[in-house]
Amino acid sequence: MAKRPHKKLPKGLPTQKQVLEFIQSSDTTVGKREIAKAFGLKGQEKIALKKLLKDMAEDGLIDGKKTAYHRMGGVPKVTVLRIVEIDDDEAIAVPENWQPDDGAAPPRLTVVEKSRGRGSKGMPALKVGDRILSRTEESPKGWRAHPMKKLPQRTEGLIGVVEKDGRGKFWLAPVDKKVRNSSPISDIGTAEEGQLVSAEPTGRGPRAGVRVTEVLGDPLAPRSFSLIAIEKHGIPHVFPEAVLSEADLAAKLPVTTEKREDLRDVPIIAIDPADARDHDDAIWAAPDDSEDNKGGFRAIVAIADVSHYVRPGGALDREARKRGKSVYFPDRVIPMLPEILSADVCSLKANEDRAAMVCHLKISPEGELLKWRFTRAVVRLAENVAYEEAQRRIDAGEADETLDNLWKAWGLLWKAREARDPLDLDLPERRVILDEEGGIAEIRVQERLDAHRVVEDFMIAANVAAAKALESKNSPVVYRVHEQPSREKLLALKEYLGTQDKKLAMGQVITPTLFNRFLKDVSDEQERALLMEAVLRTQTQAYYGPDNQGHFGLALGSYAHFTSPIRRYADLLVHRALVDTLKLEQPKPKGGKIPESSGLSDIDRSDLGKISEAISRTERRAMEAERDTIDRYVAAWLAGRVGETFETRITGVQNFGFFATIVGLGGDGLVPISTIGDEFFHFDEAAKALVGADSGTRYETGQRLEMKLVEANPLTGALRFEVPGGDASKAREGRPHRGKPRGPKPSGPKMDAKKKHQVGKRGRPGNIRHQGRKKK
């Protein structure tokens, strides 16, 4: 076999990523000698390489053999795990380094501990986020982990800012508000003090440190906040050449009316954010003139036919599955698909012929779905219109027949929604608006218009129809699952309601209507906010899976995501299942360079559970990255306003203090218990409140109060508040506070007053949401 040529490799000690890429791309045996030769290592560099390979083997990245290294495909016998869940006193962990090329989900290991409450063999009790070095084994009951020792927390994604102490030693200051300590830098490379860098761990024990692998630039530059999140969460953001090449070929696939319904004469329109770049969906409706549905409507929900372009098994598909979904930041989008597809060929644009997967709906006068059918079609949109403009036309009486019919059909869907009574939580979305230089122009709450509800309810109808169409044919379905609250969470809610003189009967059927009734019965704004927070805490996290558990929040028995295949891999899998089940396969592409089938592959069918778990994980990753970035923008916005007083709402209470968010802006900040007053404060766990022993003063979740902002760190997104007039020298939970508050002061880069002012001076308080995405 001929050797596959390696791309030109940099000289010098490689990073872990470069070692893995070299091993993966080699057609021959790879040992320490081959790696050293490939990177031109000599002398001390070879010794450093030996140590690097040992560290990688201990972390489970390679198999650790002396003569030939291979990437690990399973769980190593000894590896580093991260605790991801603790349920019923049982800890669940996943391998910290898990990067399969096929995007498969990491195995979940049950941590076997002795004396859980006290920790085993001197090990402290574990909590979510802890890192442990463990022995692993596969048993009939699944993977088990036997912890050997607890490891220190890693610096956030090994991203940080270079600092220099008084002795001339360099440190990596964290940009994560959860990481308190800096890490010593053993190899600074070309980095300079004050620069944002990425790094990798080196050494063990007392000699542990980091080496800089890449200089990322100015930590306070406008684009740095999202870059930090991308690096921290390991979000793939560069498309490999093979993926781009396949995308270019896929973009040339013809769209014809052969085996497609021709809907180009139907005035279908897309209603999207004003600055949307990718348009997944478009809608149309008209009165139903059939005898059996007087007063009802016919509707079309046209969705970009991504399955026509992204075929299973190709490089393009593997990359899309690895990414799982597009990630939206205020300054950029990390798309699931290359731009030639996501923003151009797949996107439903006005006056352009586009391939679409179409859901035809028959809606009764009561808003029920009477019939549905799915086809592949060619569409030519009449218009792309912004939410605000569509709403303006309706309000001003300037809407044409197409827009007017959509609102009338939605009126029927809204009837059915009210009868179904889904969970009604008022959760405003925040939106960051940037100026031309990337600075913050405004942060504001996203106004909720009927135009948003129109699109949302048509999308929900199509999602339900897709799930039921597949169920009727016994086809595999990737459901969007939102399970009802667990008994443990309901008991906690019952206990909380008891503190508010309200009752929750545990024997009754739990439905969204029950929670809605609690909220509707409360007129006081502060009390309602308290109750809403309590209800929100009872809810489980939605996920994707092949087993139908219903969607509790929407009060639906069957629900699947079908309407956003440009930005969500789950929707693409549903499209492929429809192609197979309804026999919608298109003529085979010519040339043989694009996979033939656009339906589900054998791997999709056999591993649907694992794939669903993997894309659920990428969704959580995207949500965390977006939230982290928003927090940094908010902190940057507020950096020049430290010392001002804001109206805040308490979002969480613990025995060490409480967290508050600025009303209308967001960004959680800590209020240490040592700052809230000159008396003892006791933590009432059931009521989630801190109560003053002498005055009875209460601080509880949902409460609004004026707070003084005393710290805003754009690099970590951390805020800190104080109660105006609070005495930090005496108050403390359970006993008088003496001296300074305990615990190390978080380290991190300091900004001079001028730079703080420059970061925080633009714009006014508001709320954050990227305009180019739509929540469905």
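The following dialogue discusses selected residues of a predicted model.

Modeller: In this predicted model, local features need pLDDT of at least 70, side-chain atom pairs count only at pLDDT 80 or more, and totals for chains, interfaces and linings use all residues. Residues are numbered from 1 along each chain as its sequence is written, and side-chain values use heavy atoms, with hydrogens and water left out.

Biologist: Where does leucine 361 lie, and what does leucine 361 touch?

Modeller: Leucine 361 belongs to strand β17, residues 353–363; strands (E, at least two residues) and helices (H or I, at least four) are DSSP runs, numbered from the N terminus. Contact means heavy atoms within 4.5 Å. Not counting residues up to four places away in sequence, the contacts of leucine 361 include Phe297, Trp372 and Ala461. Leucine 361 and alanine 461 are 100 residues apart in sequence and 8.3 Å apart in space, C-alpha to C-alpha.

Biologist: What makes lysine 46 buried, exposed or partly exposed?

Modeller: Lysine 46, in helix α3, has a relative accessibility of 41%, so it counts as partly exposed.

Biologist: How do you know whether threonine 136 is buried or exposed?

Modeller: Threonine 136 is found in strand β4, residues 131–139. Its relative accessible area is 12%, and threonine 136 is therefore buried. Among the residues that threonine 136 touches, not counting those up to four places away in sequence, are Val75, Leu109 and Trp143.

Notes: Buried means under 20% relative accessible area, exposed over 50%, partly exposed in between (1.4 Å probe, protein chains only).
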